[in-house]
Amino acid sequence: MQDVRKKRINCIIVKDLSRFGRNHIETGNYIQKIFPFMGVRFIAITDGIDTFHSELGTDEMAVNLKNLINEMYAKDIAEKVRASRRSSQEQGSYTGGIPPYGYRAEWVKGKKCLFICPETSGIVRDIYEMYLSEKNIRQIVRILYERGIHRPSIYRQTGYVYQQEGEVLEQWAVGTVKFILTNPVYTGCLMQGTTCGKKHKLRKRHDVDIEDYCIQHGTHEPLINEDTFFRVAAMFEKSAVKYCNTGGFSKNVPLQENIYDGVLFCGDCGKQMARVANAKQFSSGDMVRYYGYYCPASRRLDGLQCSSKSISMSVLDKLVKTALHQEFSLSDIRPGKLVKEYERQAEEQKQQVMQKIVLCGKQQENGKKKGSELYLKYRMGRMSLEEYQKIKKEQERLLYEIAERREELQHSLDSREREIKEKGKFLRSLIKCSEKTELTKDVIHTLIRRIDVYAGHRVKITFAFCMNELLYLEEWNYKNEKNKED
Ligand SMILES: [Zn+2]
């Protein structure tokens, strides 16, 4: 439609109307009002519609009818798919795609049924046992890794439960273990239809009320008994309460903005450093947050593990401030003057371009005036047609060139203005940091390209500016001042 509005398209051809739209009101609106208004020809081949060759009235009805049928057809299909899935669910058929880890799926008399998988079911039982014996999920992930057990997705791809010789072992995701520990499928029941695409027009899937869940008990052999499942669920609830409590406590201490977001990286693996923000309470009752950064890959167990490294935010702040300050004091730059000079230069350049644009405008006006003068001369018989056409052509060429030039100038003015805005922001950041004010996200992001943290407390800061460029401006500024004095 964008291309139609830009007049890039003047004809639309579809096989039949249902290819164009399912909603009869909207489709009709396009075909009968919008396309004719925009001068676009619309052809639907099998329906025999051509907006350029139609007797309005009878065709209009046919279009409406066909559209209505298309829409009903789409609704009907969606309804049928949903109903058939629901009835499969009610018959205890597994309607999900991939069977849950620990089970395999097989078709039996038109029903998809779950059967215990001899290779993986033991691992599911172990996970439940480990959790019941007070191991937390992180510890379970570690044990699974130490036993050389592939994560479920790798198992599904390769068919191997355990790591084979020469294979890379990836650790399980915390979420996967949690999902296994909370999935009632392992008690031998199927809980399906928990989400649904309610109406065919709403793209988003909606969560369904719990009463509408399709729950079937005893559809397959359980891997664990219900007692185990509910004990685990109770433990989960308890840990959730604990989590909420700490959340409530930290909520009283506001979280500061992460000013190093997007610029702080692990120098060894290149991952963005993750932030910790622990709230601590003193005996006086004061609460303070301690911020620090660590490489998220350093906590991994598998081949993607990175060397352990961390840095507290106060140390990082100090380092960055010192580095920036050193850079400026060594080069003897006076940012205040720099900004003024830069802004003056920028304004001057802008004015020059704008003057040129005004000049172009005048030339265009002139050209048009000459054109009408020429025409008058020809009409009064003071010029032959041949001569008139020749001069007119030349004038038109000139006008075209001027218009192009004007466009170019406008373009350069726009990009210049953007640049000025960017540089201005940069220079103001410069002032802020030379005045030793607090570091802000803005200052850091304009002055620093990236910070890499290496093991052994080494930090590399890459600035986002080139000192020579600044020195050049400063020098220019100095010369200018001297000239004035002279
Ligand atoms: Zn790393």
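Tutor: Two residues are in contact if their C-beta atoms, placed from the backbone, lie within 7 Å. With that rule, Val124 touches Tyr101, Gly102, Ile180, Tyr186 and Leu223, leaving out residues up to four places away in sequence.

Student: And what sort of model is this?

Tutor: This is a predicted model, in which local features need pLDDT of at least 70 and side-chain atom pairs count only at pLDDT 80 or more, while totals for chains, interfaces and linings use all residues. Residues are numbered from 1 along each chain as its sequence is written.

Student: How many helices and strands does the chain have?

Tutor: There are 14 helices and 15 strands in the chain, taken as DSSP runs numbered from the N terminus (helices H or I, at least four residues; strands E, at least two).

Student: Which residues have the most contacts inside the largest nonpolar core?

Tutor: Val124, Ile127, Val177 and Leu181 do, in a core of 24 residues, a core being buried Ala, Val, Leu, Ile, Met, Phe, Trp, Tyr and Cys joined through C-beta atoms within 7 Å. Two or more residues come from each of helix 5, helix 6, helix 8 and helix 9 (226-251), and helix 5 contributes the most, with five.

Student: How do the axes of helix 5 and helix 8 cross?

Tutor: The two axes, which are lines fitted to C-alpha atoms over the stretch in contact, with N-to-C angles from 0 to 180 degrees, come within 10 Å and cross at roughly 90°. That is why helix 5 is roughly perpendicular to helix 8, a label given to angles of 65 to 115 degrees. At this crossing, Val124, Ile127, Tyr128 and Tyr131 of helix 5 meet Val177, Ile180 and Leu181 of helix 8.

Student: Switching to helix 6, which of its residues are buried?

Tutor: In helix 6, spanning residues 137-146, the buried residues are Ile140, Val141 and Leu144. Seen down the helix 6 axis, they fall within an arc of 100°, so they line one face of the helix.

Student: What covers the buried residues of helix 6, and what does the face turned away carry?

Tutor: The cover includes helix 5 (121-132) and helix 8 (174-182), whereas the face turned away from the buried side carries exposed Arg138, Gln139 and Glu146.

Student: And what follows helix 6?

Tutor: Gly148 follows helix 6, with a positive phi near 70°.

Conventions:
A residue is buried if 20 or more other C-beta atoms lie within 10 Å of its own, exposed if 12 or fewer, and partly exposed in between; C-beta atoms are placed from the backbone. The arc is that of the directions from the helix axis to the C-beta atoms. Angles under 35 degrees count as roughly parallel, over 145 as roughly antiparallel, 65 to 115 as roughly perpendicular and the rest as oblique.
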